[in-house]
Amino acid sequence: MKKTKIKAKRITPLPPVPKLARQRMGKKRRYEEYMRPIEYIAKHRSPKILLYKKARRRVVKQ
Amino acid sequence: MKVDVEVKAKPSGIDRFVYEFVRILERYTNYALVSGYVAILLGMERPTQDIDVIVDGFKSKKEFHRFLHEIEKIGYSIAIKKEWVYEIFEKRGEKIDIFTKKQWYFDFKKAKNIWDVNSVKYSIKIKKGNYVFRTAPPEIQVPYKLLLGTDKDIKDAKYIYERLKDIIDIETMKKNARLMKVDLSLIV
C-alpha cells in the first residue's frame with residue numbers, strides 16, 4: 001500500500017499526565033490516612049474504603 | 001497557519017464533509033476529532049460510518065440551538081426531539097448522533113473525563129489540502145484506543161503511532177498508558 005507523505009513538527013504543548021487522587025496526597029497525609037482507626041473511617045468515609053482498609057489490615061496481620 | 005502535521009494528499013470526499021461540519025462547530029466551541037477518522041485522515045484506507053467528535057460544551061442553550069439551526073440549514077438532522085436535546089447533551093452528558101443525507105453520521109460527545117478534557121484542550125492541528133482539523137493528541141489517543149481493545153482499535157492505534165512517531169512524546173504516552181492500565185508493548 002502506498003503511504004501518504006506526512007510532514008510533522010510539534011507546535012502544540014504536550015498534554016499533562018493526570019495525577020491520581022492518591023498521588024496528589026503528600027506522603028505524610030497518606031501515612032496518616034492509613035493509620036487512622038477504622039471507626040473514624042467508618043464514620044467519615046465511604047463503606048468501600050472501609051472494606052479496602054480492613055482487607056489490608058488482615059493481610060498485614062497474617 | 002502553523003500546524004503540527006501536514007498530510008501531503010488531496011482531501012477526499014469524507015474530509016470535505018467533515019471539514020464542512022467542523023468549520024461551523026469551531027465557531028461555537030473547542031473540539032477534537034477522535035477514533036477511526038484520525039487514522040483515515042492520516043492516510044489509512046478503511047471504511048467508516050461514524051466520526052467521533054468530543055466538544056468542550058456550549059456557552060448557553062441559545063448558542064447550542066443556534067449551532068443546531070446552522071447545521072440543519074446544510075442538511076444535517078438529529079434523532080432526538082429539539083426541546084430535550086440540550087438537557088441530554090449538556091446536563092446528562094450523553095452523546096448525540098448527528099446524521100447527514102449521506103451514509104455518515106457524527107457521534108457528538110461532551111468532554112466528561114480528564115482524558116476527554118485534555119484531548120480537547122491539547123488537540124493537535126492536522127492539515128490536509130487547505131483544510132485544518134483538530135484531533136486528540138496521540139499521547140492520549142494511542143493508549144485510549146488500546147484501552148477500547150477491539151481489533152479495529154488496535155490496528156488504528158498502531159497506524160496512528162507509526163505515522164506520528166516523530167512528534168509523539170514516548171514518556172508521556174507511557175505514563176498515560178500506565179494510568180489507563182494498558183500494555184503498549186503491542187505497538188511500541
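Residues are classed as buried under 20% relative accessible area, as exposed over 50%, and as partly exposed in between. Lys95(B), with a relative accessible area of 46%, is therefore partly exposed. The model described here is predicted, and the accessibility classes are applied below to the residues that form its contacts.

Lys95(B) takes part in a salt bridge with Asp107(B), in which the side chains meet at 3.1 Å, N to O. Lys95(B) is placed in the loop between helix H4 (82-91) and strand E5 (96-99) of chain B, and Asp107(B) in strand E6 of chain B, so the bridge ties together parts that are 12 residues apart in sequence. In contrast to the partly exposed Lys95(B), Asp107(B) has a relative accessibility of 7% and therefore counts as buried.

Over all chains, the count comes to 14 salt bridges. One of them joins Glu70(B) to Arg27(B), with the closest N and O atoms 1.9 Å apart. Glu70(B) belongs to helix H3 (residues 61-73) of chain B, while Arg27(B) lies in the loop between H1 and strand E2 (31-34) of chain B, so this pair ties together parts that are 43 residues apart in sequence. The two partners fall into separate accessibility classes: Glu70(B) is buried at a relative accessible area of 18%, and Arg27(B) is exposed at 54%.

A further salt bridge is formed by the side chains of Lys145(B) and Asp153(B), at 2.9 Å from N to O. Lys145(B) counts as buried at 3% relative accessibility, and Asp153(B) counts as buried at 8%.

Aromatic contacts were examined next. A pair of aromatic rings is described by the distance of the centres and the angle of the planes. The structure holds 21 aromatic pairs over all chains. In the pair of Phe21(B) and Phe106(B), the ring centres are 3.9 Å apart and the planes are at 15°, so the rings are stacked, the cut-off for stacking being under 30 degrees. Phe21(B) lies in helix H1 (residues 13-25) of chain B and Phe106(B) in strand E6 (residues 105-110) of chain B; the pair therefore ties together parts that are 85 residues apart in sequence. Phe21(B) is buried, with a relative accessible area of 0%, and Phe106(B) is likewise buried at 0%.

The rings of Phe58(B) and Phe67(B) have their centres 5.3 Å apart, and because their planes are at 35° the pair is tilted. Phe58(B) and Phe67(B) are both buried. These two residues, together with Phe21(B) and Phe106(B), are part of a cluster linked by ring pairs, which also includes Phe17(B), Tyr28(B), Phe64(B), Tyr76(B), Tyr86(B), Phe89(B) and Phe108(B). A contact between a charge and a ring is found at Trp84(B), where the charged end of Lys81(B) sits over the ring, 5.5 Å from its centre.

Between the chains, 18 residues of chain A are in contact with 29 residues of chain B. The area buried between chain A and chain B is about 2300 Å², and carbon and sulfur atoms give 65% of this area. On the chain A side, the residues that lose the most area to chain B are Thr4(A), Ile6(A) and Arg10(A), which together give 25% of what that side buries. Thr4(A) is located in the segment before strand E1 (5-8) of chain A and, at 15% relative accessibility, counts as buried. Apart from its neighbours within four places in sequence, Thr4(A) is in contact with Val7(B), Lys8(B), Ala9(B), Leu42(B), Gly43(B) and Arg163(B).

Polar contacts between chain A and chain B comprise 9 residue pairs, with both residues at pLDDT 80 or more. The interface contains 1 salt bridge. In a salt bridge between the chains, the side chain of Arg10(A) meets that of Glu139(B) at 2.9 Å, N to O.

Positive phi values at residues other than glycine were also noted. Ser35(B) is not a glycine but has a positive phi of about 70°. Ser35(B) is placed in the loop between E2 and helix H2 (36-41) of chain B and counts as buried at 19% relative accessibility. Lys181(B), also not a glycine, has a positive phi of about 60°. Lys181(B) lies in the segment after helix H8 (170-180) of chain B, and its relative accessibility of 75% places it among the exposed residues.

Note on methods
Residues numbered from 1 in each chain as written. Chains lettered and ligands numbered in written order. Heavy atoms only, no water. Phe/Tyr/Trp six-rings, centres within 6.5 Å; stacked < 30°, edge-to-face > 60°. Helix = DSSP H or I, 4+ residues; strand = E, 2+ residues; numbered from the N terminus. Buried < 20%, exposed > 50% of the residue type's maximum accessible area, 1.4 Å probe, protein only. Lys NZ or Arg CZ within 6 Å of the ring centre and 35° of its normal. Contact = heavy atoms within 4.5 Å. Buried area = accessible area lost by both parts, 1.4 Å probe. Salt bridge = Lys/Arg side-chain N within 4 Å of Asp/Glu carboxyl O. Polar contact = N/O pair within 3.5 Å; in protein donor to acceptor, adjacent residues only side chain to side chain.
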